[in-house]
Amino acid sequence: MAGTSSVIVAGLTAAALGTVGFLALRAQATVPAALRDGPAASASAAAKAKAPRDRHHPTALPDGSGTGERVVYSVDDDRVWLVTAGNRVRHTFTVRPGSVDPAPGTYWVTSRSNTATGTDGLPVEHVVRFTSVDGVVIGFSAAVHSEAGPVADPNVKTGGIRESRADGDALWRFATIGVPVVVIR
């Protein structure tokens with residue numbers, strides 16, 4: 001009887017491992033190439049150059065910033081655009097970047113936190129993260145208190161891109177998990 005039980009257990013274990021392996025292969029095959037290969041694979045030479053701007057309308061969405069629903073972040077202009085699926089700008093606002101910038105390219109919102117403590121020690125809300133650079137997490141957030149608060153240590157690398165609380169509310173409602181974040185110059 002003991003020999004039969006161990007054969008059954010071994011057979012069930014082998015079947016379970018085979019099923020997990022099969023499902024892993026299926027899952028990998030259905031992941032879009034841009035997600036599978038990471039943000040570096042989606043960054044093109046055009047994305048690394050400064051996107052053309054409308055000199056008469058400096059807050060207009062830059063050409064070459066993608067299509068469809070997305071968050072567009074210009075590291076040169078310190079500006080964010082929330083763009084609907086129909087390529088209409090729902091909201092745009094200025095931000096105050098951290099000391100570490102993400103490279104131009106396309107990323108996706110990977111995690112969100114309603115509240116947290118920023119690397120500068122300030123309490124923040126509506127944290128929307130989309131990448132990391134050399135171990136520094138990059139994301140949008142709004143400081144809970146509008147006053148300056150403690151001065152950040154200049155030796156600490158920060159990836160928090162700060163917006164006002166009102167702009168943070170708009171970004172929080174718009175940028176859910178999986179929404180593209182297009183970083184441009």
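1. The model under discussion is a predicted one, and the remarks below should be read accordingly.

2. Aspartate 76 forms a salt bridge with arginine 185, with 3.5 Å between the closest N and O atoms. Aspartate 76 is located in the loop between β1 and β2, while arginine 185 belongs to the segment after β9, so the pair ties together parts that are 109 residues apart in sequence. Arginine 185 likewise counts as partly exposed, its relative accessibility being 28%.

3. The count of salt bridges comes to two. Glutamate 125 and arginine 165 also form a salt bridge, and here the closest N and O atoms are 2.7 Å apart. This pair links distant parts of the chain, with glutamate 125 in strand β6 (residues 123-133) and arginine 165 in helix α5, 40 residues apart. Glutamate 125 has 11% relative accessibility and so counts as buried, whereas arginine 165, at 40%, counts as partly exposed.

4. Turning to the overall fold, the secondary structure of the protein consists of five helices and nine strands. Along the sequence, these elements follow the pattern α-α-α-α-β-β-β-β-β-β-β-β-α-β.

5. Which strands form the open sheet, and in what order? Five strands take part, in the order β3-β2-β1-β9-β4, and their pairing is mixed. The edge positions belong to β3 and β4; each has a single partner strand, so one side of each is left without a neighbour in the sheet. On average, neighbouring strands of this sheet are turned by 20 degrees against each other, direction ignored.

6. Helix α5 (residues 165-174) lies across β1 (70-74), β2 (79-83) and β3. The helix runs at about 140 degrees to β3. Arginine 165, the salt-bridge partner of glutamate 125, is located in this helix.

7. Is valine 100 buried or exposed? Its relative accessibility is 13%, so valine 100 counts as buried.

8. Leaving aside neighbours within four places in sequence, valine 100 is in contact with Val133, Val136, Ile138, Lys157, Thr158 and Gly159. Valine 156 is 56 residues from valine 100 in sequence, and their C-alpha atoms are 10.0 Å apart in space.

9. For the protein as a whole, 35% of the 185 residues count as buried. Of the contacts with a separation of 6 or more, 53% are between residues 24 or more positions apart. The accessible surface comes to about 10600 Å², and carbon and sulfur atoms account for 58% of this area.

Definitions and conventions:
Residues are numbered from 1 along each chain as its sequence is written. This is a predicted model: local features need pLDDT of at least 70, side-chain atom pairs count only at pLDDT 80 or more; totals for chains, interfaces and linings use all residues. Side-chain values use heavy atoms; hydrogens and water are left out. Buried means under 20% relative accessible area, exposed over 50%, partly exposed in between (1.4 Å probe, protein chains only). Contact means heavy atoms within 4.5 Å. Two strands pair if DSSP finds at least two bridges between them. Helices (H or I, at least four residues) and strands (E, at least two) are DSSP runs, numbered from the N terminus. Axes are lines fitted to C-alpha atoms, for helices over the stretch in contact, and angles run from 0 to 180 degrees between N-to-C directions. A salt bridge is a side-chain nitrogen of Lys or Arg within 4 Å of a carboxyl oxygen of Asp or Glu. Accessible areas come from the Shrake-Rupley method with a 1.4 Å probe; for residues, only the protein chains shown count as cover.
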